[in-house]
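Have the sequence and the model open as you read.

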Amino acid sequence: MTRRKAAFVVAVVFTALAGVQQVLLVAGFGGWLPGWQPWPYLLVAAPAWLVSRPLWAQRVSAGPRPAVGALRRVPSRAYVLGVLVLAAGVWAALQDFEPYLGHEEAVYANKARSWVDGTPDAGWGVYRPVGLPALGALALWLHGGGGGEGALRAVALVLVLGTLTVTYLVAAAWTSRRRAVVVLLVLLSGLGFLRRVPEYLNDIGATGLLLIVVFLLVRTQEKEGSRALWGVPAAALAAFCLRYGVVGTCWPWGSPRSSRTARARGPHRGGGWRERPCCWRSGSYRTSCMPCGRRGGRSG
């Protein structure tokens, strides 16, 4: 067996394993194949498909040309719009499987609600990023102070659609528009991505912002005289405010104790969860978060 034929067999087998794994996960038998994600299989299959391309490229090109021509006549923007609509449909469908806010969601929801109507921000700590509750507070305010979980989960939908749009634009700039659509489909089919789609969390949104940072840095290196570097601080700061909480951890706000400690230790060691323990476990989102000590739960 030649090297190309062996690579073709490897490509077919690992691509099939990736597909079978997704079917098993949907059916509830994900433990039968290791990994829980298709990426390891596809990373092996991708170079194998490239090595064996002379065996299958000619047959594919000589296949159903009318169908391929019809697909190529569809504008790439229509495909992008279709993927975004599909993502919105997936978000809506998964709401039935995530009807209640999880623990982390509840912490951010409490903070957003506290900014709107002054209720206690139970579980909140200065180490947490302020971007997500700020967006949640805006959503609640647009709903007239109501809306509840639906308004907050709508913020997650906006972040998902924004990240998918950024991914398409970056992939289109680095490859082509139609290949960027394929990238969107691969991203949307990932179980790790789907797991976070319905949740009021900041992982997906921060990923899109960091992708902007990477694109701007690459653009600066590739194009002489480019001013893309000017946009890096804004995108990086937005990502940190949305996800990483560095702004809140380094800034000496919070209780008087945390402020004094921050001034004594310096900006890189002040504040944070060690200086202001909060009750954020064991159902503590129903209790108050004290500046020091604990109330109704374990500090952490």
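Which residues in helix 8 meet which residues in helix 9?

## Where helix 8 meets helix 9

On the helix 8 side they are Leu164, Thr167, Tyr168, Ala171 and Ala172, and on the helix 9 side Arg177, Ala180, Val181, Val183, Leu184 and Leu187. Contact here means heavy atoms within 4.5 Å. Helices are DSSP runs of H or I with at least four residues, strands are E runs of at least two, and both are numbered from the N terminus.

Helix 8 and helix 9 (residues 177-189) pack at an angle of about 140°, their axes 8 Å apart. Axes are lines fitted to C-alpha atoms, for helices over the stretch in contact, with angles running from 0 to 180 degrees between N-to-C directions. That makes helix 8 oblique to helix 9; under 35 degrees counts as roughly parallel, over 145 as roughly antiparallel, 65 to 115 as roughly perpendicular and the rest as oblique. The crossing of helix 8 past helix 9 is right-handed, a term for the near helix being turned clockwise from the far one, whereas anticlockwise by less than a right angle is left-handed.

## What you're looking at

This is a predicted model, where local features need pLDDT of at least 70 and side-chain atom pairs count only at pLDDT 80 or more, while totals for chains, interfaces and linings use all residues. Residues are numbered from 1 along each chain as its sequence is written, and side-chain values use heavy atoms, leaving out hydrogens and water.

The chain has 14 helices and zero strands. Of its 300 residues, 34% count as buried (buried is under 20% relative accessible area, exposed over 50%, partly exposed in between, with a 1.4 Å probe and protein chains only). Take the contacts between residues at least 6 apart in sequence: 59% of them join residues at least 24 apart.

## Ring pairs

How many aromatic pairs does a search of the whole structure find? It turns up five. Rings of Phe, Tyr and Trp (its six-membered ring) pair if their centres lie within 6.5 Å; planes under 30 degrees apart are stacked, over 60 edge-to-face and the rest tilted. One of the pairs is tryptophan 174 with phenylalanine 215, tilted at 45° between the planes and 6.0 Å centre to centre. This pair links distant parts of the chain, with tryptophan 174 in helix 8 (residues 148-174) and phenylalanine 215 in helix 11 (residues 203-222), 41 residues apart. Tryptophan 174 is partly exposed at 41% relative accessibility, and phenylalanine 215 is partly exposed at 22%.

Phenylalanine 240 and tyrosine 244 make an edge-to-face pair, because their planes are at 65° and their centres 5.5 Å apart. Both sit in helix 12 (residues 232-244), four residues apart, or about one turn of the helix. Phenylalanine 240 comes out partly exposed at 36%, and tyrosine 244 partly exposed at 38%.

Arginine 128 lies over the face of tyrosine 108, 5.6 Å from the ring centre. The criterion is NZ of Lys or CZ of Arg within 6 Å of the ring centre and within 35 degrees of the ring normal.

Is serine 114 buried or exposed? Serine 114 is buried, at 13% relative accessible area, and its place is in helix 6. Leaving aside residues up to four places away in sequence, serine 114 touches Thr119, Pro120 and Asp121.

Aspartate 96 lies in the loop between helix 5 (76-94) and helix 6 (103-117), and counts as exposed at 64%. Aspartate 96 and proline 198 are 102 residues apart in sequence, and 9.4 Å apart in space, C-alpha to C-alpha.
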